[in-house]
Amino acid sequence: MSALVHIVDDDPDVLKALARLLASDGFEVALSGSTREFLEAYDPATTGCIVLDLSMPGTDGLELQAMLARQGVSQPVIFLTGCGDIASSVRAMKAGAIDFLTKPVDVEALLEAVKRGVSMDDATRHRDHDREDACALLATLTPRERELVPRLMTGRLNKQIAADLGIAEKTIKVHRSRILHKLGIRSLVDLVRFMGRTGAGAGDAGATPVAPPPAAHEPVSG
């Protein structure tokens, strides 16, 4: 699916100008004149980023950013403002905005920010999908096999692990072979890399946590 840049601004002229600018650079855009209009049409499953006006009637840009965060939406946000202040800028950036630009906006700065936002969102989605795939494979292991994973990752010998658990060394060898086969890997080095994909540490074979980054020129006024 192609990237979609959402532009949220209560000024129709700004919406049109930004839409023309981004479309001319090959971006697909979706325009919203208010937070409510944006939320009614927004699909977080679509790769892209959000260009968001700071000051709007009703729910403003910072409130919308906080609302999206509470809903678990991590799509990159770029703020635009005609009357920004340092406090608002700091608040927006601390909340995860990737840029805070003032109107009339620098065209090259905006395009660079949008390209960066789309690239970040795409990379995050690929990383999330890779983690989900790895966790799905991890879930195919039996409880005993999952128990053995962190022990194998320490590099302990089969006989040492067998002694720790009070079972036969041959049984550890069988489990080890099955673990590698189920996960589609060939070595303990691969196992360490695989567990890194799941986001789980060496001591937690069953966890599925999340991992994630870091502005001459024609203005667009509004």
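**Note on the sheet and its packing**

1. In strand E4 (residues 77-81), the bridge partner of Val51 is Ile78. Strand E3 (residues 48-53) and E4 run parallel and are joined by four bridges; strands, here, are DSSP runs marked E of at least two residues, helices are runs marked H or I of at least four, and both are numbered from the N terminus.

2. This is a predicted model, in which local features need pLDDT of at least 70 and side-chain atom pairs count only at pLDDT 80 or more, while totals for chains, interfaces and linings use all residues. Residues are numbered from 1 along each chain as its sequence is written, and side-chain values use heavy atoms, with hydrogens and water left out.

3. The open sheet has five strands in the order E2-E1-E3-E4-E5, with parallel pairing, where two strands pair if DSSP finds at least two bridges between them. Strand E2 (28-32) and E5 stand at the edges with a single partner strand each, so one side of each is left without a neighbour in the sheet.

4. Phe79 and Phe100 form a tilted aromatic pair, with 6.0 Å from centre to centre and 35 degrees between the planes; rings of Phe, Tyr and Trp (its six-membered ring) pair if their centres lie within 6.5 Å, and planes under 30 degrees apart count as stacked, over 60 as edge-to-face and the rest as tilted. Because Phe79 lies in strand E4 and Phe100 in strand E5 (residues 99-102), the pair ties together parts that are 21 residues apart in sequence. Both Phe79 and Phe100 are buried, meaning under 20% relative accessible area, with exposed being over 50% and partly exposed in between (1.4 Å probe, protein chains only).
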